[in-house]
Amino acid sequence: MAPETPNPIPSYSQIACVGAGISAIALGATLRRWHQIDDIRFFERHDDCGGTWHISSYPGCACDVPSALYSFSFAPNPRWTKLMPSNKEIKAYQQDVADTYGLREKMKRRKQIEAYMRKTAPEKYHDILIPDFEVGCKRRVFDCGYLDSLHKENTLLTDAKILEIVPEGIKTSNGLIPADVIVLATGFDTSYVLPGITVHGRNNTTVAEH
Ligand SMILES: Cc1cc2nc3c(=O)[nH]c(=O)nc-3n(C[C@H](O)[C@H](O)[C@H](O)COP(=O)(O)OP(=O)(O)OC[C@H]3O[C@@H](n4cnc5c(N)ncnc54)[C@H](O)[C@@H]3O)c2cc1C
């Protein structure tokens with residue numbers, strides 16, 4: 001039997017870094033240089049590293065401090081072409097440093113994360129699963145089998161609007177979903193105090209009203 005291809009990125013890491021700009025590269029390089037730690041993974045929402053210098057691309061975009069000062073002390077760059085180099089040059093420099101410290105292969109970028117979702121989740125759910133909004137306070141789903149479970153025959157994921165609960169099940173904007181038991185697992189109400197009991201205080205005011 002052919003040996004399994006090892007996954008180059010393990011599913012567990014000692015350190016996770018959100019973002020892959022110059023600060024992230026400094027972190028990765030410093031952990032290697034000072035502590036010999038390379039068990040780190042970077043999660044970047046753009047499709048490449050470099051942060052500001054990858055994202056900004058307007059004409060004339062350049063550093064406003066001398067390049068020798070906008071360099072890592074541990075990675076001086078004799079190849080700067082200008083005192084105030086362009087965004088492209090800075091990005092290339094940062095990527096060189098990332099490569100020197102083996103950081104790029106530890107970076108999961110937007111396209112890779114999307115590609116993983118597309119590979120693992122059933123195709124029919126792609127539109128529902130890949131958010132079209134910025135990551136905010138929404139709880140993240142850590143995929144310990146969640147995407148795989150969507151392939152099960154007894155699982156249906158839908159974002160159809162619930163119109164009515166009827167004796168046969170749930171009436172949605174996409175039709176009836178038959179059900180014997182309905183579980184509401186929609187989280188708790190953070191702004192409701194002491195759910196299940198009503199406590200009255202002075203002047204008959206309830207805790208919630210107070
Ligand atoms: C146009 C412009 C010119 C500048 N010029 C100079 C200059 O001349 N000199 C100077 O010293 N500084 C300059 N700066 C400031 C510059 O931003 C900093 O010097 C430096 O690049 C900041 O690096 P950083 O890694 O901390 O942040 P960033 O470069 O902003 O990188 C942060 C990274 O984190 C990612 N990220 C953020 N949130 C998430 C998330 N939730 N999930 C996944 N990824 C996420 C972002 O996509 C980004 O790639 C300039 C900034 C801009 C915008």
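This report describes the sheets, a helix pair and the ligand shell of a predicted model.

## The parallel sheet

Strands β1, β2 and β3 make an open sheet, in that order, with parallel pairing. Its edges are β1, residues 15-18, and β3, residues 107-109, each of which pairs on one side only. On average, neighbouring strands of this sheet are turned by 20° against each other, direction ignored.

The pairing of β1 with β2 is parallel and runs over four bridges. Within this part of the sheet, cysteine 17 stands opposite phenylalanine 42 of β2. Helix α4, which covers residues 110-120, packs on the sheet and touches both β2 and β3. The direction of α4 makes about 75° with that of β3.

## The antiparallel sheet

A further open sheet has three strands in the order β4-β5-β6, and here the pairing is antiparallel. The edge positions belong to β4 (162-166) and β6 (175-178), and each of these strands pairs on one side only. From one strand to the next, the twist averages 25°.

Strand β5 spans residues 169-172 and pairs with β4 in the antiparallel sense over four bridges. A hairpin of two residues joins β4 to β5. Across this pairing, isoleucine 165 stands opposite isoleucine 170 in β5.

On to the other pairing of β5. Strands β5 and β6 are also antiparallel, with four bridges between them, and a hairpin joins β5 to β6 through two residues. Lysine 171 stands opposite leucine 176, a residue of β6. In general, side chains in a regular strand alternate between the two faces of the sheet.

## Packing of α1 and α3

A packed pair of helices is described by the angle between the two axes and by the distance between them. For α1 and α3, the latter covering residues 87-100, the axes come within 10 Å and cross at roughly 25°. Angles under 35 degrees count as roughly parallel, and α1 and α3 are therefore roughly parallel to each other. Their crossing is left-handed.

The contact brings Ile22, Ile25 and Ala29 of α1 against Gln94, Val97 and Ala98 of α3. By class, the residues of this contact are five nonpolar and one polar, with no charged residue.

## The shell around the ligand

The ligand is surrounded by 20 residues. The closest of these are Gly19, Gly21, Ser23, Gly51 and Thr52. By class, the shell divides into 10 nonpolar, seven polar and three charged residues.

Which elements each supply at least two residues of the shell? They are helix α1, residues 22-35, and strand β2, residues 40-44. The largest share comes from α1, which gives three residues.

Strand β2 supplies at least two shell residues, pairs with β1 in the parallel sense, and is touched by α4.

Conventions. Residues are numbered from 1 along each chain as its sequence is written. This is a predicted model: local features need pLDDT of at least 70, side-chain atom pairs count only at pLDDT 80 or more; totals for chains, interfaces and linings use all residues. A residue is near a molecule or strand if its C-beta atom, placed from the backbone, lies within 6 Å of it. Ala, Val, Leu, Ile, Met, Phe, Trp, Tyr, Cys and Pro count as nonpolar, Asp, Glu, Lys and Arg as charged, and the others, Gly among them, as polar. Two strands pair if DSSP finds at least two bridges between them. Axes are lines fitted to C-alpha atoms, for helices over the stretch in contact, and angles run from 0 to 180 degrees between N-to-C directions. Angles under 35 degrees count as roughly parallel, over 145 as roughly antiparallel, 65 to 115 as roughly perpendicular and the rest as oblique. A crossing is left-handed if the near helix is turned anticlockwise from the far one by less than a right angle, and right-handed if clockwise. Two residues are in contact if their C-beta atoms, placed from the backbone, lie within 7 Å.
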